[in-house]
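Student: I would like to learn how to read the features of a fold. Please take them one at a time, with the general idea before the case.

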Amino acid sequence: MKPTCTLLLSILLTAPSLAQELSEADQNLIKAVRDGGGQAMQLAKNDTRITVAFHLSDKDITDDTLKILAGAGNVYSVNLRGTKVTDAGMAHLAGLKDLVRLHLEKTAVTDAGVTQLKGLEKLEYLNVYGTAVTDAALKDVAALKSLKQ
(Lines give C-alpha, C1' and ligand atoms only; values in the text may rest on other atoms or scores of the structure.)
Protein backbone atom coordinates (compact mmCIF):
# COMPACT_ATOMS: atom_id res chain seq x y z
CA MET A 1 0.00 0.00 0.00
CA LYS A 2 1.33 3.45 -0.84
CA PRO A 3 2.30 5.69 2.11
CA THR A 4 -0.32 8.29 1.13
CA CYS A 5 -3.11 5.71 1.14
CA THR A 6 -1.91 4.30 4.45
CA LEU A 7 -1.92 7.77 6.02
CA LEU A 8 -5.39 8.57 4.69
CA LEU A 9 -6.77 5.24 5.91
CA SER A 10 -5.21 5.81 9.32
CA ILE A 11 -6.78 9.28 9.60
CA LEU A 12 -10.20 7.99 8.58
CA LEU A 13 -10.11 5.15 11.07
CA THR A 14 -9.03 7.32 14.01
CA ALA A 15 -11.12 10.45 13.31
CA PRO A 16 -13.99 11.07 15.69
CA SER A 17 -17.39 10.12 14.36
CA LEU A 18 -19.78 12.93 13.43
CA ALA A 19 -22.72 10.87 14.67
CA GLN A 20 -23.88 11.79 18.14
CA GLU A 21 -25.52 9.31 20.47
CA LEU A 22 -28.85 10.03 22.13
CA SER A 23 -29.03 10.09 25.90
CA GLU A 24 -31.01 7.42 27.68
CA ALA A 25 -33.67 10.03 28.53
CA ASP A 26 -34.04 10.94 24.85
CA GLN A 27 -34.24 7.28 23.84
CA ASN A 28 -36.96 6.75 26.45
CA LEU A 29 -38.84 9.82 25.19
CA ILE A 30 -38.75 8.52 21.61
CA LYS A 31 -40.08 5.16 22.76
CA ALA A 32 -42.85 6.80 24.82
CA VAL A 33 -43.93 8.96 21.87
CA ARG A 34 -44.03 5.95 19.57
CA ASP A 35 -45.95 3.93 22.16
CA GLY A 36 -48.39 6.86 22.41
CA GLY A 37 -49.12 6.75 18.69
CA GLY A 38 -46.69 9.40 17.49
CA GLN A 39 -43.44 9.53 15.64
CA ALA A 40 -40.18 10.74 17.14
CA MET A 41 -36.60 10.73 15.99
CA GLN A 42 -33.26 12.41 16.27
CA LEU A 43 -33.21 15.58 14.17
CA ALA A 44 -30.01 14.66 12.33
CA LYS A 45 -27.03 12.36 12.62
CA ASN A 46 -24.96 15.14 14.17
CA ASP A 47 -27.84 16.82 16.06
CA THR A 48 -29.38 15.02 19.03
CA ARG A 49 -32.42 17.27 19.30
CA ILE A 50 -35.71 15.38 18.97
CA THR A 51 -38.53 16.00 16.53
CA VAL A 52 -41.98 14.76 17.58
CA ALA A 53 -45.03 14.33 15.34
CA PHE A 54 -48.52 13.20 16.24
CA HIS A 55 -50.30 14.60 13.18
CA LEU A 56 -50.29 11.31 11.23
CA SER A 57 -51.30 9.07 14.10
CA ASP A 58 -54.07 6.55 13.73
CA LYS A 59 -54.83 6.98 17.46
CA ASP A 60 -56.75 9.76 19.16
CA ILE A 61 -54.14 12.22 20.34
CA THR A 62 -55.46 14.20 23.30
CA ASP A 63 -54.17 16.41 26.09
CA ASP A 64 -53.39 13.31 28.15
CA THR A 65 -51.12 12.03 25.37
CA LEU A 66 -48.94 15.11 25.76
CA LYS A 67 -48.08 14.23 29.36
CA ILE A 68 -45.16 12.20 27.99
CA LEU A 69 -43.59 15.44 26.73
CA ALA A 70 -43.93 17.39 29.99
CA GLY A 71 -40.54 18.62 31.12
CA ALA A 72 -38.64 16.84 28.36
CA GLY A 73 -35.38 18.42 27.35
CA ASN A 74 -33.93 18.49 23.89
CA VAL A 75 -37.24 18.64 21.93
CA TYR A 76 -36.79 20.72 18.77
CA SER A 77 -40.24 20.44 17.19
CA VAL A 78 -43.73 19.16 17.95
CA ASN A 79 -46.43 18.66 15.31
CA LEU A 80 -49.97 18.32 16.65
CA ARG A 81 -51.81 19.23 13.44
CA GLY A 82 -55.36 17.92 13.36
CA THR A 83 -55.24 16.25 16.77
CA LYS A 84 -57.77 16.60 19.60
CA VAL A 85 -55.40 18.69 21.69
CA THR A 86 -56.89 21.66 23.58
CA ASP A 87 -55.64 24.45 25.81
CA ALA A 88 -55.15 21.96 28.64
CA GLY A 89 -52.51 20.17 26.59
CA MET A 90 -50.46 23.34 26.24
CA ALA A 91 -49.53 23.07 29.92
CA HIS A 92 -47.52 19.95 29.03
CA LEU A 93 -45.64 21.86 26.31
CA ALA A 94 -44.91 24.96 28.39
CA GLY A 95 -41.81 23.37 29.90
CA LEU A 96 -40.19 22.47 26.56
CA LYS A 97 -37.52 25.17 26.85
CA ASP A 98 -35.64 24.05 23.71
CA LEU A 99 -38.74 23.98 21.49
CA VAL A 100 -38.18 25.82 18.19
CA ARG A 101 -41.16 24.72 16.04
CA LEU A 102 -44.76 24.09 17.09
CA HIS A 103 -47.62 23.07 14.80
CA LEU A 104 -51.06 23.56 16.36
CA GLU A 105 -53.08 24.01 13.17
CA LYS A 106 -56.57 22.53 13.12
CA THR A 107 -56.61 21.81 16.86
CA ALA A 108 -58.98 23.12 19.56
CA VAL A 109 -56.35 25.47 20.99
CA THR A 110 -57.57 29.00 21.82
CA ASP A 111 -56.05 32.23 23.11
CA ALA A 112 -55.79 30.65 26.56
CA GLY A 113 -53.56 27.93 25.17
CA VAL A 114 -51.24 30.41 23.47
CA THR A 115 -50.88 32.27 26.78
CA GLN A 116 -49.29 29.14 28.28
CA LEU A 117 -46.56 29.17 25.62
CA LYS A 118 -45.10 32.57 26.46
CA GLY A 119 -42.15 31.03 28.31
CA LEU A 120 -40.86 29.25 25.19
CA GLU A 121 -37.93 31.57 24.57
CA LYS A 122 -36.48 29.61 21.62
CA LEU A 123 -39.77 29.24 19.72
CA GLU A 124 -39.25 30.48 16.13
CA TYR A 125 -42.29 28.97 14.39
CA LEU A 126 -45.88 28.75 15.60
CA ASN A 127 -48.75 27.65 13.36
CA VAL A 128 -52.27 28.29 14.68
CA TYR A 129 -54.10 28.12 11.33
CA GLY A 130 -57.64 26.77 11.70
CA THR A 131 -57.75 27.19 15.48
CA ALA A 132 -59.86 29.47 17.68
CA VAL A 133 -56.85 31.71 18.37
CA THR A 134 -57.83 35.36 17.87
CA ASP A 135 -56.13 38.75 17.80
CA ALA A 136 -56.42 38.78 21.58
CA ALA A 137 -53.45 36.37 21.67
CA LEU A 138 -51.19 38.83 19.85
CA LYS A 139 -49.79 40.26 23.08
CA ASP A 140 -48.68 36.77 24.11
CA VAL A 141 -47.31 36.02 20.65
CA ALA A 142 -45.39 39.34 20.72
CA ALA A 143 -43.72 38.18 23.96
CA LEU A 144 -42.13 35.30 22.02
CA LYS A 145 -38.98 37.24 21.11
CA SER A 146 -37.46 34.51 18.93
CA LEU A 147 -40.63 33.99 16.89
CA LYS A 148 -40.05 34.46 13.15
CA GLN A 149 -43.08 32.74 11.60
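Tutor: Two strands pair if DSSP finds at least two bridges between them. Helices (H or I, at least four residues) and strands (E, at least two) are DSSP runs, numbered from the N terminus. This is a predicted model, in which local features need pLDDT of at least 70, side-chain atom pairs count only at pLDDT 80 or more, and totals for chains, interfaces and linings use all residues. Residues are numbered from 1 along each chain as its sequence is written, and side-chain values use heavy atoms, with hydrogens and water left out.

Student: How many bridges join β2 to β3, and do they run parallel or antiparallel?

Tutor: There are 4 bridges between β2 and β3, and the two strands run parallel.

Student: What joins β1 to β2?

Tutor: Strand β1 (residues 39–44) is joined to β2 by 5 bridges, and these two run antiparallel. They form a hairpin with 2 residues between them. Gln 39 has Ala 53 of β2 as its bridge partner.

Student: Is β2 mostly covered or exposed?

Tutor: First the cut-offs: buried means under 20% relative accessible area, exposed over 50%, and partly exposed in between (1.4 Å probe, protein chains only). By that rule 6 of the 7 residues of β2 are buried, so the strand is mostly covered. Asp 47 lies in this strand, which spans residues 47–53. Asp 47 counts as buried because its relative accessible area is 18%.

Student: Which residues does Asp 47 touch?

Tutor: Contact means heavy atoms within 4.5 Å. Not counting residues up to four places away in sequence, Asp 47 touches Gln 20 and Gln 42.

Student: How should I read a nonpolar core?

Tutor: In soluble globular proteins, nonpolar side chains tend to be buried together. A nonpolar core is a set of buried Ala, Val, Leu, Ile, Met, Phe, Trp, Tyr and Cys residues joined through side-chain atoms within 4.5 Å. Here the largest one has 28 residues, and those with the most contacts inside it are Val 52, Leu 69, Val 78, Leu 80, Leu 93 and Leu 102. At least two residues of this core come from each of α2 (24–35), β2, β3 and α3. The most is given by α2, with 3 residues.

Student: Where is Leu 80 found?

Tutor: Leu 80 is in the loop between β3 (75–79) and α3 (87–93). Its relative accessible area is 0%, so Leu 80 is buried. Leaving aside neighbours within four places in sequence, its contacts include Phe 54, Leu 66, Met 90 and Leu 104. Leu 80 and Leu 104 are 24 residues apart in sequence, yet their C-alpha atoms are 5.4 Å apart in space.

Student: Which residue other than glycine has a positive phi near 75°?

Tutor: That is Asn 74, in the loop between β2 and β3. At 19% relative accessible area, Asn 74 is buried. Lys 106 also has a positive phi, near 55°, and lies in the loop between β4 (101–103) and α4 (111–115). Lys 106 counts as partly exposed because its relative accessibility is 42%.

Student: What sits over the ring of Tyr 125?

Tutor: A charge sits over a ring if NZ of Lys or CZ of Arg is within 6 Å of the ring centre and within 35 degrees of the ring normal. In this model the charged end of Arg 101 sits over the ring of Tyr 125, 4.0 Å from its centre.
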